[in-house]
Amino acid sequence: MQTLRASKCGLSAAQLPSSILDVIDALTKAGYEAYIVGGGVRDLMLGLNPKDYDAVTNATPSQVKEVFGRRCRIIGRRFELAHVYSGRELIEVATFRAPPKKAVTSSAGMILRDNNWGTIEQDFARRDFSINALYYQPRKNEVLDFCDAVDDIQHKTLRLLGDPMLRFEEDPVRMLRTLRFAAKLNFSIDEKILDIFTPEITQLLRDVSPHRLYDESQKLFTMGHLNRVMPMLIEFGIWRQLFADIPPDITPFIERAAKNTDQRISIGKTINPAFFYAVLLWKPFLERCDFYASKGVVPAEARAQAGLDVLKRQATRTIIPRFAETFIREVWEMQTRLLNPKPQQIEALSSHARFRAGFDFLLLREKSGDQNTQGMGIWWENYQTLTADERERAIADYNRQRAKSRRKAAQAPAEDSKAHAAVQQAEIEPLVNEPEPRSRRSRKARSAEDRRPAASAAAEGGIGADHPILKRKRVQRDLSQVVFGPTR
Ligand code: ATP
Ligand code: MG
């Protein structure tokens, strides 16, 4: 173990928000050891802006609770940790952990229970990558490096602690973390990982809860380097594990949307992570629409059913929350409306709650070469810049053109009535009919899932959210079990 001067590593307490310093100070004052660990230290050393700071201590969660009283909540049963509210922020405080006992790992080697308190030396070995295992005590100006992590930071190398195969078996999500950190930090992946990181071992991800995989997919989408990580997901075989029916092919549309997402993040704009799911699933959705159209289902019904089907299939891999599913289906439905709006509905459409997302989606399609948008992306883009009078004229022009093309269409009946007819039909109906609420049983199951603290969005970004404990439940994800067809 090396003790380094923090200032020599480019770290200073002055860079830290008061929330994390308060937590470190209060624990130290109460006589405990306390460090900042994980992504916070790593990112600061790399000159990046950390997403959050995690603390680690030798105090047990109940001792942490004694120190912080009502500001502290102990969360998680299988992976217990303390949430401390400091100012407006929430800091995760974990206790040093020892290796899990044999009895609490699954037959495949996955860790199921993990509340075995230990020493700092034991704790570091439990962490995933060397660069995530630096312990920083800002008041002592010290960084503890147990594994030459600083070297790895300097050489931009992502190295798993211990035997990579074993570490992936313990927690297959580390495969996703490998690609996420490699892309985010632009680090090279250690040879020892590359040697074993084959598409076959990505099968281990089948045992990870689809809720946890959704959370992970969101982290991939929102880390700011989506465009860089996508080819890696394909190359390492992760894509197929995450996305059931999306061909492992980065189409111009997907690429454009990914670049756009990264760009928005780089300039601090918000993004709706469900939007990228809408992009990824667009092709499977269109194919499913065609399928129903070929069976003679009316377009609006075909779209509704296709949307449900595609999302249901995707849920075998990543369970998209219901509100995000609704958003995705509304963005898809907006495509029909924006493509062929009734003139009298144009103004109302432009102030619809889903207009912005639907329009962005349409424009991305158009700019990536999708001919089916018929120039309506640009039309709507211009429309938004017009004055009230100009809008009226634009609508009148549009109306004339529409009537003209209708007359033309009546003279020459469409040869291609099948392909994408479902999507291009000019029907205006309720945007999305909510699917029936889940059965009581499945609702109960879902809310139990939501209560699993580490899986919840609240724990996002913390040790808990990535912890192997979440994979306790084996999930049946044999695709042949998912039946296409009416779900109601
Ligand atoms: P970021 O917050 O930027 O995504 P991070 O490294 O802080 O990156 P977190 O998920 O916040 O990642 O986890 C905090 C720390 O907990 C990690 O740095 C690592 O030391 C440890 N950790 C998290 N997930 C795992 C895991 N699956 N296996 C082992 N250690 C983990
Ligand atoms: Mg973190």
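Predicted model: local features only at pLDDT ≥ 70, side-chain atom pairs only at ≥ 80, totals over all residues.
1. Basis. Local features need pLDDT of at least 70 and side-chain atom pairs count only at pLDDT 80 or more, while totals for chains, interfaces and linings use all residues. Residues are numbered from 1 along each chain as its sequence is written, chains are lettered from A and ligands numbered from 1 in the order in which they are written, and side-chain values use heavy atoms, with hydrogens and water left out.

2. Sheet. Eight strands form an open sheet of mixed pairing, in the order β1-β8-β7-β2-β3-β6-β5-β4. Strands (E, at least two residues) and helices (H or I, at least four) are DSSP runs, numbered from the N terminus; two strands pair if DSSP finds at least two bridges between them. The edges are β1 (2-5) and β4 (72-75), each with a single partner strand, so one side of each has no neighbour in the sheet. On average, neighbouring strands are turned by 30 degrees against each other, direction ignored.

3. Four bridges join β4 to β5 (residues 81-86) in the antiparallel sense. Ile 75 has Leu 81 of β5 as its bridge partner. Helix α3 (residues 61-68) lies across β3 (54-57), β4, β5 and β6 (89-95), and runs at about 165 degrees to β4. Axes are lines fitted to C-alpha atoms, for helices over the stretch in contact, and angles run from 0 to 180 degrees between N-to-C directions.

4. α13 with α18. The axes of α13 (residues 273-280) and α18 (residues 355-367) come within 11 Å and cross at roughly 40 degrees. The two helices are therefore oblique to each other (under 35 degrees is roughly parallel, over 145 roughly antiparallel, 65 to 115 roughly perpendicular, the rest oblique). Contact (heavy atoms within 4.5 Å) involves Phe 275, Ala 278 and Val 279 of α13, and Ala 357, Asp 360, Phe 361 and Leu 364 of α18.

5. α13 with α14. Helix α14 (residues 282-294) packs on α13 at an angle of about 50 degrees, with the axes 4 Å apart. This pair is therefore also oblique. Ala 278, Val 279 and Leu 280 of α13 meet Trp 282, Lys 283 and Pro 284 of α14.

6. Salt bridges. The whole structure has 21 salt bridges (a side-chain nitrogen of Lys or Arg within 4 Å of a carboxyl oxygen of Asp or Glu). One of them links Glu 216 to Lys 219, with the closest N and O atoms 3.6 Å apart. Both residues lie in helix α9 (residues 210-222), three residues apart, about one turn of the helix.
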